[in-house]
Structure formats: structure tokens, C-alpha cells
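Please read the following explanation with the sequence and the structure at hand.

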Amino acid sequence: PNSFQTTFTPVSKDKNSQTAGLLAGGDTQSSNGPSGQFVARGSIESPSKVLLMLVAGLSFSTRLYKLTEPPHVCWDETHFGKMGSYYINRTFFFDVHPPLGKMLIGLAGYMSGYNGTFPFIKPGDKYENQNYWGMRGFCAVLGSFLPIFAYLIVLELSNSCTAAIIAATLLIFDTGCITISQYILLDPILMFFIMAAVLSMVKFNQQRYRSFTASWWFWLVLTGINLAGALGVKFVGLFVIVLVGLNTIGDLWRLLGDMSLSLVDIAKHFLARAFALILLPLILYVTIFAVHFVVLNKSGPGDGFFSSAFQSRLIGNNLHNASMPEYLAFGSTVTIKNLRIAGGYLHSHWHLYPEGVGARQQQVTAYLHKDYNNLWVVHRQQDNNSQSGNPDLVRHGDIVRLEHKETTRNLHSHLHEAPLTKKHFQVTGYGINGTGDANDLWQMEVCGGRKGDPVKVLRSKVRFLHRATGCVLYSSGKTLPKWGWEQIEVTCSPYLKETPSSQWNIEDHINPKLPNISLSVLKPNFLEILLESHIVMFRGNSGLKPKDNEMNSKPWHWPINYQGLRFSGVNATEYRVYLLGNPVVWWINLASLGLYFTMVAVASIATQRGFSLGGGLLMLGWLLHYAPFFTMGRILYFHHYFPAMLFSSMLTGLTLDILFRSADLLLHPPYSYWFQRTGQLLLLFSILYSFYLFHPLSYGMTGPLAHEPGSAMAGLKWMDSWEF
Amino acid sequence: SWWFQKMLQLPLVVTAQVDLLLVLVSLLAFWTRLSHLSYPNAVVFDEVYYGQFVSLYMKRVFFIDDSGPPLGHMILAFGAYLGGFDGNFVWNRIGAEYPTTVNVWSLRLLPALCGALCVPLVYLLTLELKFSHLSALGAAVLLLLENSLIVQSRFMLLESVLIFFVLLAFFSYLRFHNAPSSSWSRYIWLILSGVSCGAVVGVKYMGLFSYLLLLVVASLHTWKLIGDKTISHVSLDFLIVSYPAFSWQTLLLQNVCVQCVHRVLCLVVVPVLLYVFWFYVHLSFLNRSGPHDQLMSSAFQASLQGGLSRITRGQPLEVAYGSQVTLRSSVSQPIPCWLHSHKVNYPIRYDNGRGSSHQQQVTCYPFKDVNNWWIIKDPGRQQLVVDTPPRPVRHGDVIQLVHGMTSRFLNSHDVAAPMSPHTQEVSGYIDFNVSMPAQNLWRVDISNREAESEVWKTILSEVRLVHVNTSAVLKLSGVPLPDWGFRQLEVVADKLFKAHSSSLEWTVEEHRYGTSQEQKEREAELHSPTHIDVDRKISFWAKFVELQWKMLTVKQEESEHKYSSSPLEWITMETNIAYWLHSSTNAQIHLIGNPVSWGVGNLSLLAYQLLAVVYLLRRRRGLKDVPDGVWDQFVCLGCVCVGGWLVNFVPFLLMDKTLFLYHYLPALCYLYLLSPALLEHAHTHLLRYAHQLQHSLTHQRALCVGALAVLLSIFLTYRTFCPLTYGSPELSAHQLQGLKWRDTWDILYRRR
């Protein structure tokens, strides 16, 4: 049909292009927004500059004030400060977030003379004379840019200084935004990149009639860079990528409908965006990881999460320039690592499976950390005594018995359901001093090997087939409940398909009777490391399940400012900082969301066409940064709402401005002007006054708690759930 | 009369048009779904689950099932009722033989009927989507020969009922939409659609997504209607001018407001009312206490016959000083329990070396026990009996609680609790003379005093006990104590920093006015049952809200099932479910779909999306490949079918519960609806250009031949899998091996 279409096209194209062109013209006019016509662009230039300076001044002063207070570790500083130190010490660690944020913190610490020696053990530890202000200052400076960006974004979207100043004021005087910017956290860095990406996207949208000019390219590339930055700090950055992606798709759709552009032009537009918004961020993102791996070259606390090959890169790891017997032999003591990424070591311990979970025998699990309980001894079917002379090598197809070194129980399986994966069989530790039964026998197979092939340490992929039932030793990747110490389930799978979950490798190998040979383990290439670290990160992220006794914050709590987070201090005598939004600001935001919906609904039903108030983009941003949390199973905290709160505040600026200005629909000119001014002043006053009331939340408070008389915060505990 | 005479002059004519194809597929559908329905005469798969509820219906015993709203269960119970089932059958294992007293046929009849009716419905629905009878026949055949749908219809399960109502809702809505706007009868279809929506949501919560999709489609149509300038808003003048033959009918039907209101009434208000109505029937039907009473509040339990109401009937309503009470925790997680104490002290040191007060243990105990009794004492007076007249306890009063059997005072102090060290220990106070004074004053804080009253009432009031010295609140932490605490649940006092939660609240369940001052007499009194007359009722709305809330929040321990699967496995049918295995032979029933139809469905889903993208891009460039009418039809097809597939599939990806292959069946039906329609579209519009080319008709013919070949192979695969669908004839192990088309399927072989 395609080839045939060509005969039709000249006719149809001619006829349709006119109407379509008209349609496109209509589109662009309406999408310019109604507010665009009210204010001439030129006239707002000078006051906006002055206001911008004002916003910047206020923003920096509120965030840098009392920056070094309290002089001890607050809340998550214990993680991110520690990780910053790791970069300075070049120690490898594992974290669920991508590295950029922590790298920047480390860099800021390094530049400000912090030497990376502070241990950051727990919140409340005194910094003494460590240079911690550099890291805090860096975060605070990035946090100070948020109101400035908000000002510029709203100005760009609405062309109204009033709207922009409202948005900026909301953010400047929000205690929550101040608190979250003042400490060594990833959030200010993340939000900086998110806002910068949105700002450059909005600027880029304004360049639409100057395609391919220098400024067009500048904002496009800048958007891409900021996207990479946002994703490089936390995976929440994905949401802003989706926002920019949707905006770009809309943009391309508009261009596609523009009949004055040839297909070649459209292809150019498409390729330019694909380069700047997909390829460039991807390259930058990968570069960040490359730097991460180059900088962190010493063994550290995160090793066990990664495969044997990965570990061999790290100086100080026992696999770095490893030296051990090359071929597995009977009588050797080994650790056995699952080949699934972040699969863990085959592990057992004295604890039994609880009643009701299969047979009440000793647990066998997979464990991610290095531990003496990961050691197993390889035995022949029968003999337990050590032979004299050179031990026999284990070969493909040999029957082995794996004895747990610490508990002398044998790896065992039988026809009971596994604890979590009900389709599989349970694996236990059974027998005493190596004496068990026929269910302790496993046939060892080298993947892709033939009968008689020896088993190479580290390099061979092996499978353990259970003799009696014919199933294969398998790590399901599911986390056992409390009784299993939240380690990973190990089962025996009757499905014999070769997957990494059923393949293992021998990692440590100790046999004094065999000569040690220096092994140059196959060094993994960069892409393999990248993929592996991502899978480990995602596993870690989804593994952050709320614990039983822990308070889990619910997403619906957040917009109503239901409950905050204690950053520092609990009791009356301590210096307390409490992360809680300025309730006036937050509740204005909440009301404006509703107001915006109503305005859109009324306006669009009245006109029944895609009438836009210009805030659609911000609304979308808010939704994208908020709604996904409802589907997340991991543990959530109040501070996850802050990116969404930025969008909400900008939307408020826009909505309230339109609301004030629509007063002239109801009132006559002088009154409407007064109404407008009164409304603005009232708003400003209430924000300032509430900031005055609540500022101790951010800048710290001591003395009695709020529910007791004589407290600085007396009478301000408006909701029972606030904990200050 | 003349009217009668005139009648006789007219010929008496009945004109009937019968769509023979429709009749034929319907008959086949009935034959495939209903034949040998009572075979196997044994409990098959989830019948064991639904059966217990059917039995409870027959006995009118109250239960909670969090798997779905009550309509589905009621339909199954109705079938059982028709067959005279008396509820006396123990549903304990799959494969158990039904006794002759159970009419298996009637148990399975209604789901099977619904399953059979799906086939003609799909036929009609395709017609309403404005595709030809041939397409309609294709869709019907796909559904007819789908083994998994047949299996799912033939047993006492709910999927076929759900699918039936979903299809009915869409069919009747489209019927309404397509009917000429002047006819009154079309509103019957709209109402029918609303009723079906109510039923869809009433059968399973998953139906909610289909309902929302229908609402989206309907609001899109309404949106168009609002934009249609030829229809007036409400103005009469305009109507009279433009329609010379003005009538009320045109007024009511033609103006936009009225049209919108009609739709909202039928598609929103009716389903919501019906949904509540199912619960009304459910609650008014099940009026006896039963196994799930414990999950409900005391007030709810007291409204059921037997159970708590038998105990609490005749109790005094107002709690007074001197009252003897049992205090039940308002939270039913992990298990409902009562405040309890016994003559054993906390160990001096816990396992982890932390110390305790070594005073008497206070716990929460999940069984009725004489040690659950507490006496409410006025701190200012010594006596433990009720005055005449009784002095009721009010919100804000300070009381002491005395344990009935041991006479220890309920006490708390700044000692860490055994299992939750961040909270305070609660104990029965013993004075060891170690400068640890008694702190046994508690303030009564009635949290629902707005709804009830300032006076503490039995069962109705939810009370927090606030420790006066430390302002901590008595709380059930829910952590089981180790052996020294007899595995009872820990009770602590927690500072009211944390969120409001019902674990802080307690209700008085059993209650009597104490009359004996002497300890020995009092112990005897505590052992005796309570009785004085007071009657109390709870409104339907309160019951409805509580039941609905409990259904949505009760979480049963979800563990993996042997046949559970993940949603992504459904698309390629990597998994199956063994429903039944004969007790001695290899005859067995499996939920396995027809692999060929499954593939056809997936292909058409892909093809539609591809085609839609190409169309959209080309239209945006002004190239209209198909006329506007056809485009609308194409879009409508996508909205219903692809949309239906999405809303019935994507939510499962986000769900955290045990899922089975049968959850995919509703989504699958949408694909079967899509396939023939898409084929017809391709045939008439994509190959339209072919007539100008040399191989004009060959393409179309090839398509027809291809379609026939696919249909034939669908029929053959259906035949092949029939033994696993109907459970007969028995196959040999070798033949079964041959049916294992995928390695991941579990087919059972009996070892002989």
C-alpha cells in the first residue's frame, strides 16, 4: 500500500495542507496563552531585573543563615557525609543512588579542606574541628538557586512579574525548603538539577521561532546536561526526564503538523533533540559512572554486593591480584557465589527453619556480605578423612557433598516446599559431622563442559544437581522474613533451564596441599560494571521495605504537611531542627491546586477546546513527581515530596496571579485594582508572618517542647501529628 | 366496540428476523459450556475457596472476604440455593468428592451460563462497533474455542460472571450511543449499561478499571456532544424556532444539559447505588455471628445474632465507677485481643541484658479469660462497687484500673517496655520499696465523643487511656512477647507523638456493675456471666462503611502459591494451573489457553498499535488514508479493545499480591474482540488500494485463506487440548507429555 500511496499524495496533500496549516496556526496562537497579550515583553525587563536581584539576595541570606548550626551530624548526613568521605579516601562503597550527588559533596568537602577522616557514625555526633561547612555550604548554595529558578520559570511561562514573585516568595520563606537545603543531603543537588532542567526547557520552548540558532542550541543542550545531572543524583530524576520527554513529544507533534516544514526539516528537528536530550545525557551519565569507578579503587564496605570479577578491580580486596589454587579439589574450603547479579554467597548458620516452613532443619540462604559462615568444604560421597598426597581434582559430573564448615552440616534438599518459592524444593543443612543421608549428594556440572573437565576457580560456571530429586541449586532472589535474618532464599529448582540464578562460581578457594597460582581474573569491561552496578542499585532500592516498627510516611500525608521529619534532637534539652513546611505556604499550595483544576474545568467546558492557562506544564510536573510514589513499595519519607512541592509552588504563583487579575471580571476598574493589590499584600504578609512564626523549625530551637507552656513554639502545634 | 372491530380487520402478523449465525454460535456456546457440567463430581481448584462462602450464605453466617465485593458470592450462593444446597459440606481440599446430597450442576450453572452468554455478546458487541457479521462471527468463534475460558466458566468461579457483565455494559452502552437520538428506547440500554457497571464493580474490584474505561469512553462522547453547536443548551426559544413541530420529547432529548444529566444519572449514580445495594443485601442477609466476627468492632459484632450479642445482651450501657469491664483493643492486627494481666512478673533482666521493673505483666490476650476483667476505680475513694445511682465516667475523668483477679493497679513509668524499648513499660503495680512510686492514674479520653457522647459507653465509645504522670497513651504494640510472656502481645504506653492510630484505642466489651466489695466474692462474680437489659442498634451505613474499610485494609498473609505467576508470563502463557486431578487416574483439568488464539490476540494487539501510530503520523501530515467515518470506527475500536486490554492488564503489574493466570482472562477477551475487527479493517481499507494494482484480488483472497487456515488451526488446537479442558477422556502419560507444548507448563503424571 505504501508504494501506491504516492500516486494519491500530490492531490490530497495540496488539499489538506491548507486546512492543516490553518489548524496549526490556530494551535500556536492558542498555545501562546491568553496572558501573553496582556503585558508587553519589553516593559517588564527592568523591574524584573531588580526583583531578580531581590529574590537572589533573600534566597541566599535565608539559606546561608546559621548554616553551621547545629555542629553535629543531622539525620541523613550520616550517610551522605560518609559517602563524600569515601570519595576523598577513594574507598569503594555501595549505595542505592547514582554517584553524582555524593561525588559533588565529596568534591566540595575536598575543596574546602575537609580531609575525609570524620567517621559520620550516627546522627548527633559532634563535628569538633572538622571542616564540615564546605559540604553544607555547597548544598545550601545549590538550594538557594531554587527560588531564583522558580522566579525565572514562572516569569517565562506567564510573562507576569507578580506571578513570578509570588512563586519565589513561597519558596524563599518555606521553612521546609530552607531546612532541606542546609544540610549535607542529595535533595538540594537533585532539586537544583530538576529546576535547572525545567528552566532551560522553558527557555528552549521560547526559542521555537528561532530554530537552530545559537541560543536555541544553547538551551537545548543545557536541558540535556541538566537531565543527566538530575538522573545522576537520584533516580527520582527520571520524572523530570519524563516531563521533558512529554514536552518534546508535544513539540515534535506540533512541528509535524506544520505543513510549511518539509519532512527533512522535521527529521533535523528530531535528530537535534534526540542528540541533545537522549544521547548527550546518556553519555554524561555514563561518564559520571566512569569517574566513579576510576576514583573508587580501594576495597571497602560494598564489595560483597558485587560479582567476583568486579571485586578483583579493587585494591585491598582478596581477589585483587588473587593467588589461590587454580582447580577445585576435594577437601578444599570454598565460598560459592551465585552468578545472578547481587546473588550472594551460599550461606548457612545455626538457626533452623521455623515450624511450618518445610522440615525443621538448619537454614541455608544466600548472603551478600563476606562472612565465615559462607565457607563450605567439598567432600567426596563417602570419605571424610583427608587423603595423603595430592588431592584429586573435582571434575564435571562428579558427585560431591558440601559440608558447611562452621556447623558441619551437609547441604541437603528434599521434597518439601521451599519457604517462599512454592514451586521449588527446600534446601537445608542436615547431618552431623558430615554424616547425613543420600539427599546430601549433589552432582557438579561445569556449564558448557564435558565429562572430566576440571572446575576452574572463579572462571567456571557450575551447577549443583541434586541426585535424589534431580533439581538444581537455585537462588530465587527473594528476601526471607525476619526468621531468616532477611537474607536471600536458596531453593532447589525442578526447572533445569540454565539461568544465572542456578549457576554459581567458586570464589575463595583454600587448599594448603595445592600450590597457589596468581590468577589474573578476567577483568570485566566497563559496560558490564555499569550494568551490574545498576542492577545492584535497583535491587537495593526495592529492598528498602518499611520495617515493622518503623513509621512509614504515606504519600497522601505530604501535601497537607501532615508530619515532618526530625533532623536533629528529640528532647527538650537538645538543639532541635524539624523538617516541616511552612504550613501557610503549603496549604496555599494545596488550595491553589484545587483552584487551578476548577479554573481549567470551567474554562474548558465554556469553550470546549484545549484552553490552557500556561500552567499545564507545571501541573504535569507536579503530577509526575508525586503520583508515582503511590505505587512504590519501598519505604517513603516526607522529604520525597519536595521536588513536587517546587512545581506546586510555581503553579500557585501562576494561579493566584490569574485569580487576582480576573477580579476585573467582577469589579469595576478602580476597585478591581485595589482588590488586586490588597490580595497581593495580604498574601505577602501572611507568608512573611508565618515564616516569622515558624522559622525556629529550620534555624533550630531549644527549650521545652511545643505542647508545654513556655516553649518558643507554644500554640503553633496546629496539628497533633507535628513532633516539635 | 369499534376499536375491537378495527383490530380484527387487520392481519395478525408476527415479523421476526432471526440471525441464524448468532443462534448457531449461541447454541454451540451453550453446548461447550454446559455439557457434562457436573463432571468432575469433586471440588475443583478455587471452588474450595468460594464454596466456604456459599455455605456461610446458606447458613446466613456473617463473613468477610477481602477478595471482592459481595455480588459475586451472592450469585454463586443463588445458584446453590436453586439446587437446594443446605450449606452442609466441608470445603477443605481440592479434589474432595461431593456427596450425592450436593447438586453440583446447580452450583456451577450460573457461572457456566454467564460464560456461554459471553459468546453471543461478543458477536453483538462487534456489530455495535460497526463491523460486519463476519467479524462478529470471528470474534465469537475465538471466544467459543478458547479452552481457558471454557474451563473458567464450567466451575464455581467468578471470572466468567465478571466478563459477562463487562461485555454487557459495553454492549448496552454502545447500543445506546448508536441508536438514533430521538428514540426513547435507547435510554433502556443506558440504564442497562449502568446496571451492568454496578454488577461489574460488585463482582470483583478489578471490574472497577473496566468501569472507569467505560466512563472515559462515555465522557469522550459527551464531550463531543457538548461541542456540538447544533444542539441547544437549555433555551426554549431556540427550540421553538428551529423545530416547528415542537414537542416535549424534543425538548427533553435535544438539549445538552438534560443529556448530560441522563448520562451521569445512569452511568454514575445507578452503579454507585447498586454497589451499596449489594452490601445492603449482603448485610441484611448475613445476620448471624461467625468465624470473622473478631475482625469487626464490638458494635458491629453486637448487631449479629449469637456471638458477642449473646454475651453483651442486657449489659449496662454507661460505664460507671465500680464497673467491671473487659477492654478490647480497637485494632484487629495482628489479632483481636483484650487487655490482660496475670500473676507473673516481668523478668528482672531481658535476654539482651536490659532491666525491667520486675512488676506484674500486663499483656493483650486474644482469648476470653477471667484475667481480662478490670475494675474502674475512683482515685478518691476506696470502694470497688457501683453506687446507686451509678456515677458514670465522663471524658476527661481521671480513673484507676484495678485488675479483677489480682487487684493490682494498672501502672506505667519511665522504664523501657520489653520489646519496644522506645516506649514505656505498663505493669500491674507491686511496691518493692525501691523508690519506684505508683503512677497509676489514667485520664479517660473518648475519641469519638462527637459521634457518641461525653459519657463512656459500653461497646460504642472508643477510649484512650492517657497516663497522667507522663501523658503517654496505653497502646497495643502488637509484638508477641517471648516465652516468659507466654507469647501474648505486648502492651506499652507511648508518648502521643506518632500518628493517630487505632492501636491507641480501647473499647469496653463485656461490662457489669460490680456489687461485691470482698475480693473472694468479686472473683466469684467475675466468673459469672453478665446480664441486665439494654438494647442497641447500629445503622446500615455505619456497618457498610466499617465492612468496606475492613475489606480494603484486612491483609491476609500473601504467600506464593504453587501455581501463581507474574503478569508478564501471562502474555506468552508461560504458565498454567492444574485445577483438578482424578483421584486414581491421569484424567485432569488444567487452565491452559488455546495457544494459537493467544498468539492471534497478541499479534493483533501489536498490529493495531503499529497501524495506529502510522495513521496518526500520516494524518498529522495531512494524509488521510481512511475516510473520517472509518477513522472514528478505528479509534472507537482501539478505545474499547486496546484500552480494555490495558486497564485489565497494567494494574496487575503494580500489584503486590498473589496472581494467577485466570486474572488475565478479561484482558484476553478484549484481544479476541479486536482481532477479527482489525482483520476486517485491513481487508477493506488497507487492501483497498490493491484493486488498482495488478495483484488486485489476490491479496484479499490470500488474507481470506490465511484467516481460514488460522481458524482451522484454532479449532484443531481446541480439539487437542479438550481432554485437559473437560477432564475426559483420560490420557496416557505419553500423550500428556505430547501436550506439554511449553517447558514451563506443569502437567501432572500419576506414578503407577
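What percentage of the 724 residues in chain A do buried residues make up? Buried residues account for 54% of chain A. The model under discussion is a predicted one. In chain A, the secondary structure consists of 18 helices and 16 strands. The contacts within this chain may also be considered by their separation in sequence: of those between residues at least 6 apart, 75% join residues at least 24 apart.

Is Gln361(B) buried or exposed? Its relative accessibility is 0%, and because buried means under 20%, Gln361(B) counts as buried.

The surroundings of Gln361(B) include residues from other parts of the sequence. His342(B), for instance, is 19 residues away in sequence, while the C-alpha atoms of His342(B) and Gln361(B) are 6.5 Å apart in space. When residues up to four places away in sequence are left out, Gln361(B) touches several others, among them His340(B), Ser341(B), Val344(B), Tyr346(B), Gly485(B) and Phe486(B). Two further contacts involve polar atoms. A polar atom of the Gln361(B) side chain lies 3.1 Å from the backbone oxygen of Asn345(B), and the side chain of Gln361(B) also reaches the backbone oxygen of Trp484(B) at 3.1 Å.

Helix H4 (residues 70-82) and helix H13 (residues 256-285) of chain B have axes that come within 9 Å and cross at roughly 55°. H4(B) and H13(B) are therefore oblique to each other, and their crossing is left-handed. On the side of H4(B), the contact is made by Pro70(B), Leu71(B) and Met74(B); on the side of H13(B), it is made by Trp278(B), Phe279(B), Val281(B) and His282(B). Classified by type, these are six nonpolar residues, one polar residue and no charged residues.

A second pair in chain B is formed by helix H6 (residues 133-144) and helix H21 (residues 665-686), whose axes come within 8 Å and cross at roughly 150°. The crossing of H6(B) and H21(B) is right-handed. Residues of H6(B) in this contact include Gly138(B), Ala139(B) and Leu142(B), and those of H21(B) include Tyr672(B), Leu673(B) and Glu680(B). By class, the contact of H6(B) with H21(B) has eight nonpolar, three polar and one charged residues.

Conventions: Residues numbered from 1 in each chain as written. Chains lettered and ligands numbered in written order. Predicted model: local features only at pLDDT ≥ 70, side-chain atom pairs only at ≥ 80, totals over all residues. Heavy atoms only, no water. Buried < 20%, exposed > 50% of the residue type's maximum accessible area, 1.4 Å probe, protein only. Contact = heavy atoms within 4.5 Å. Polar contact = N/O pair within 3.5 Å; in protein donor to acceptor, adjacent residues only side chain to side chain. Axes fitted to C-alpha atoms, helices over the stretch in contact; angles between N-to-C directions. Helix = DSSP H or I, 4+ residues; strand = E, 2+ residues; numbered from the N terminus. Parallel < 35°, antiparallel > 145°, perpendicular 65-115°, else oblique. Left-handed = near helix turned anticlockwise from the far one by under 90°. Nonpolar A, V, L, I, M, F, W, Y, C, P; charged D, E, K, R; others polar.
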